[in-house]
Amino acid sequence: MTTTTNIKPPAWFWMVSALGLGWNIKGAIAYLGQAYMPIATLEQMSQEER
């Protein structure tokens with residue numbers, strides 16, 4: 001005889017997970033925007049900003 005129980009995570013878990021995922025996506029987009037910045041934009045920046 002097998003007994004299965006389905007345990008769902010609480011709602012706060014999903015909210016914290018969604019916020020964490022959004023934070024990581026925002027960071028990845030910021031990194032990619034900086035890593036693949038066009039050369040023309042880099043030339044307009046001062047040496048300290050590069």
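**Entry 1: surface patch**

I started with the surface and found a nonpolar patch made of Trp12, Phe13, Trp14, Met15 and Val16. Together these residues have about 610 Å² of accessible area. I note here that I am working from a predicted model.

**Entry 2: Phe13 and its helix**

Phe13 belongs to helix H1, which covers residues 11-35. Is Phe13 buried, partly exposed or exposed? Its relative accessibility is 36%, so I put it down as partly exposed. The class follows because partly exposed lies between the buried limit of 20% and the exposed limit of 50%.

Next I checked the length of H1. With 25 residues at 1.5 Å a residue, H1 should span 36 Å.

Then I looked at cover. How many of the 25 residues of H1 are buried? The count is 0, and I recorded H1 as hardly covered.

**Entry 3: aromatic rings**

I searched the whole structure for aromatic pairs and got 1. The partners are Phe13 and Trp14. A ring pair is described by the distance of the centres and the angle of the planes. For this pair I read 5.4 Å centre to centre and 75° between the planes. That makes the arrangement edge-to-face, because planes over 60 degrees apart count as such.

I compared how the two partners are classed. Phe13 is partly exposed at 36% relative accessibility. Trp14 comes out as exposed, at 53%.

**Entry 4: the whole chain**

I stepped back to the overall fold. The secondary structure consists of 2 helices and 0 strands. How does the radius of gyration sit against the globule rule? I have 22 Å for the protein, well over the 10 Å that the rule gives for 50 residues, so the protein is more spread out than a compact globule. The C-alpha trace spans about 70 × 20 × 15 Å along its principal axes.

I then looked for buried residues across the chain. They make up 0% of the 50 residues.

I began with Ala11, which lies in helix H1. Ala11 counts as exposed, at 57% relative accessibility. How far is Ala11 from Glu49 in space? I get 42 Å, C-alpha to C-alpha, for a separation of 38 residues in sequence.

I went on to Ala30, also placed in helix H1. Its relative accessible area is 48%, so Ala30 is partly exposed. From Ala30 I went to Thr41, 11 residues apart along the chain. Their C-alpha atoms are separated by 15 Å.

I finished with Glu48. Where is Glu48 found? I place it in the segment after helix H2, which runs over 39-44. Glu48 is exposed, with a relative accessible area of 71%. Between Glu48 and Leu32 there are 20 Å in space, C-alpha to C-alpha, and 16 residues in sequence.

Notes
Residues numbered from 1 in each chain as written. Predicted model: local features only at pLDDT ≥ 70, side-chain atom pairs only at ≥ 80, totals over all residues. Heavy atoms only, no water. Patch = residues over 30% accessible without salt bridge, like charges linked within 9 Å, V, L, I, M, F, W, Y side chains within 5 Å. Areas by Shrake-Rupley, 256 points an atom, 1.4 Å probe, with all protein chains shown as cover. Salt bridge = Lys/Arg side-chain N within 4 Å of Asp/Glu carboxyl O. Helix = DSSP H or I, 4+ residues; strand = E, 2+ residues; numbered from the N terminus. Buried < 20%, exposed > 50% of the residue type's maximum accessible area, 1.4 Å probe, protein only. Expected span 1.5 Å × (residues − 1). Phe/Tyr/Trp six-rings, centres within 6.5 Å; stacked < 30°, edge-to-face > 60°. Rg over C-alpha atoms; globule rule 2.2 N^0.38 Å.
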